[in-house]
Amino acid sequence: MSDRYNFEFIEQKWQAKWDKTKAHKTIANEKPKFYCLDMFPYPSGRLHMGHIRNYAIGDVLTRFQRMQGYNVLHPMGWDAFGLPAENAAIKNKTHPAEWTFNNMDYMRAQFKRLGFTYDWDREFATCDPDYYKWTQWLFLKLWERGLVYRKEQLVNWCPSCATVLANEQVVDGECERCGAKITHKNLEQWFFKITDYADRLLNNLDKLPGWPEKVKAMQRNWIGRSEGTIIKFTVFKDEYLECFTTRADTLYGVTYIVLAPEHPLVARLIKGNPEEENCRAFIEEVLAQDEIERLSTEMEKKGVFTGSFAKNPLTGEEVPIWLGNYVVATYGTGAVMAVPAHDSRDYAFAGKYKLPLKYVVFPEKAELSQNEAYEGEGVLKNSGTFNGLANKIAQKEITLELERRSLGHFQVNYRLRDWLISRQRYWGAPIPMLYCDKCGIVPEKEENLPVLLPVDVNFAKKGTNPLKTSQNFVTAVCPICGGKAQRETDTMDTFVDSSWYYLRYAGPSKDKIFDLEEAKYWMNVDQYIGGVEHAILHLMYARFINMVLYDMGLSPKEEPFCNLLTQGMVLLGGAKMSKSKGNIVESDEMVKTYGADTCRLFMLFTAPPERDLEWSDAGIEGSYRFINRVWRLVYELEPELREVPFTTVDREGLGKEERELQQKLHESVAKATEDIKVKFQLNTALSTMMELVNAIYLYKEQKNHHQGLLRQAIDSLILMLAPYIPHTASELWELTGHATDVHQQKWPDFDANLAKADEVEIVLQINGKIRDRLLVPQEATKEDLEEIAFNSEKIKEILEGKVIRKVIAVPGKLVNIVAG
RNA sequence: GCGGACGUGGCGGAAUUGGCAGACGCGCUAGACUUAGGAUCUAGUGGAUUACCUCCGUGGGGGUUCAAAUCCCCCCGUCCGCACCA
């Protein structure tokens, strides 16, 4: 034992012990459960301080809940498929697997060096054939349920990653991963029908009170549900142009129609018209723009007349059909009925091209201004038989009339698109489908899973899916007719892998996707912790896949994640730590200098978990100082405590200093417990413990110590620090004579009565301004306080010659005298 | 434009059930100990004025209240997400 805080020795000692005894192994039992899950990492290489922060939060919660009597599952593994491995493989002429597994080994050792409570027996990587076999199985189940389809459409293409991407993975027209500008290609791709679940994904958000409002808002926004009407305008003979609108009530105000240049009817609508040339030039111009330009609100609204007309289904009026650069081809029908009198965008467009306005909705009280679009509520005019109806009612009535005439119907539209899951890359789970000359597209048989990634591939050809270079892989046998077939060479989006991993942790299994019985015990995840960057991507995909598994009778809960914490980022120089920016503070370096406990402590103390945190060299020094301070305190008191048994000390017979220390102790336990359990404010829990340490230091200066009370204070302090600085706490627990493991102890209790001070300082106010402060007994009543207040010399002086109007006394807080 | 979060010392941040603004930590200042200190300990640290008293102060303005960082209204600003979605 050393008087110096030797973190290297201490941390290695306890880590070796935890490893050897499998201290963090978890099995389902009769205790109440708690499933604490940190989003598993991509094995990118090395941990930095950002990682430490993420995982330290989950680790504190895990250790705390164990001390609260819960059986806590806290697993860790690897989201191990993905592009960086493949790119590294091309660059270093290795195999992606080698790069990935090396990184996993390195990072696993780093996790252990940080003392995290993971049950390593449950570890897996999504690139293990034992795992991706079930990702493929899941694909087949979705196929069976009609939730998978293959379709040619305009898709996002990342030229740098040489693969297609889902809508969610395109940010501001750029690749979410590499930042390259996205282009568009017409390709046949695989999709998951997430839109079938749009309503449930949306409605269930209301059943997730433990999720941040922000994340729920983002998902609602992304799903973008909108109720409206499809209205059919007649073009040619017996052919219709369908428009989606949320304002069917303004149908009598339609003065033209605008189509996206990509609309399928455009070619026929312009053909042979004098405007044809003009239109072609316009379409070419619009299509030449990239996504960002095209969708920018700054973009000037432009259009051209097609030379054709469409017939309004109710008025029979012929209105001109235009092409517009602002109409989104992929939303609704790609065709908009324009009502310039009641839509400001149409108003601007109509003004520019001298198209007519027709007001049909009039405000009930105010005058209608004809200098702008009126978008508010009102009553219908100029609308035939619908005149006089409130516009909200007219929306329904007009749609019902259209339904009677088979010229329209109610429609719910979503912004959400189906999930494009195929990728033209090697390092992912192969899509288990085949192309047979006779049978067409056929699924692989379940018993033939996993469809293994071949080893004989060539990574050298840039822009080609390496899987295509393996003849052994591509050439296959049709599972139906036994004839010659070709394997699908696309792999699945890695977000498919991570959409069900939490179930695998909860119920590891050799012969099933997961063990249903064990998963029933653990699910759902009580606390999920991860970055807000997954607010839409992973968190919506996972909810969707879990919902499908729930419908299949497999997943025990409809929603997988009960409570969600989106922790803030660790910044350096105001920017998120990232390899590409080169602003990384490496875990290894800091652990070597200060030890794991100090790193953890700093990350938790400096800011509340949800907020971003700026790295500070001085800040980590402060945390290191605090641990040293605790170390010295316990080390110096240890000789007189070693033989003192732990007891709970009563208030009776204690001296003033003892009573103060006791009060501080109980108050600290109460606050540290509430902060972590209710508020999730680890920073304030820690500041409370710092105050307790300061109080014990102060008491230590006393001549004769109440050893029983000191023992209780020191023991409680070590217990409360155990989740945060587990190595130091273990060592100090042992040092002070305990034969037990600090992490298997019960969290300390507190007595609410003892947490109150004997005397409290109250303030005396006159007209709300503080004029005096006094110490009064804790139990002083309103009446007592008033008496005390009027006896104060200062108060008497100020009140001279004033009339007292009102006196407010709040026990334990203040007395306020209103006088004038 | 829509939605979410937020604005408190030199800095990170406390206090949000209305009731002492600035806990805790960093930094800074002075002192103690010391051969030395980038260790440790003690004291101080919102601003103005300063022996004391006092006044001002939570982005700005108004309001409710005995009492507002906290509740209400208006405005300004920052960050994040979505964005010509019909």
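This is a predicted model: local features need pLDDT of at least 70, side-chain atom pairs count only at pLDDT 80 or more; totals for chains, interfaces and linings use all residues.
User: How many salt bridges does the count come to?
Analyst: The count comes to 52 salt bridges. One of them joins the side chains of Asp19 and Lys112, with an N to O distance of 3.4 Å. That pair links distant parts of the chain, since Asp19 lies in helix α1 (residues 7–21) and Lys112 in helix α4 (residues 96–113), 93 residues apart.

User: And those two, Asp19 and Lys112, what is their relative accessibility?
Analyst: Asp19 has a relative accessibility of 43% and therefore counts as partly exposed, and Lys112, with a relative accessible area of 30%, is partly exposed as well.

User: Which salt bridge partner does Asp715 have?
Analyst: The side chain of Asp715 meets that of Arg711 in a salt bridge, at 3.0 Å from N to O. Because the two residues are four apart in helix α23 (residues 707–721), about one helical turn separates Asp715 and Arg711.

User: Are Asp715 and Arg711 buried or exposed?
Analyst: Both Asp715 and Arg711 are buried, which means that each has under 20% relative accessible area.

User: What about Glu227, which residue does it form a salt bridge with?
Analyst: Glu227 forms a salt bridge with Arg225, and their closest N and O atoms are 2.8 Å apart. Glu227 counts as exposed because its relative accessibility is 54%, while Arg225, at 33%, counts as partly exposed.

User: Which residues are linked in a network of salt bridges?
Analyst: Asp206, Glu213, Lys216 and Arg220 are linked in such a network.

User: Switching to helix α17, what does it reach from end to end?
Analyst: Helix α17 covers residues 537–551, and its 15 residues reach 21 Å from the first C-alpha to the last, which is close to the 21 Å expected at 1.5 Å a residue. The helix is mostly covered, with 13 of its 15 residues buried.

User: What phi does Gly553 take?
Analyst: Gly553, which comes just after α17, takes a positive phi of about 80°.

User: Now the surface: which residues form the nonpolar patch?
Analyst: Leu295, Val328 and Tyr331 form a nonpolar patch on the surface, and together they have about 250 Å² of accessible area. Leu295 is placed in helix α10, and because its relative accessible area is 51%, Leu295 is exposed.

User: Where is Glu293 placed, then?
Analyst: Glu293 is also found in helix α10, which runs over residues 291–295. With a relative accessibility of 43%, Glu293 counts as partly exposed.

Technical notes
Residues are numbered from 1 along each chain as its sequence is written. Chains are lettered from A and ligands numbered from 1 in the order in which they are written. Side-chain values use heavy atoms; hydrogens and water are left out. Buried means under 20% relative accessible area, exposed over 50%, partly exposed in between (1.4 Å probe, protein chains only). The expected span of a helix is 1.5 Å times one less than its number of residues. Patches are made of residues with over 30% relative accessible area and no salt bridge: like charges are joined within 9 Å, nonpolar side chains (Val, Leu, Ile, Met, Phe, Trp, Tyr) within 5 Å. Accessible areas come from the Shrake-Rupley method with a 1.4 Å probe; for residues, only the protein chains shown count as cover. A salt bridge is a side-chain nitrogen of Lys or Arg within 4 Å of a carboxyl oxygen of Asp or Glu.
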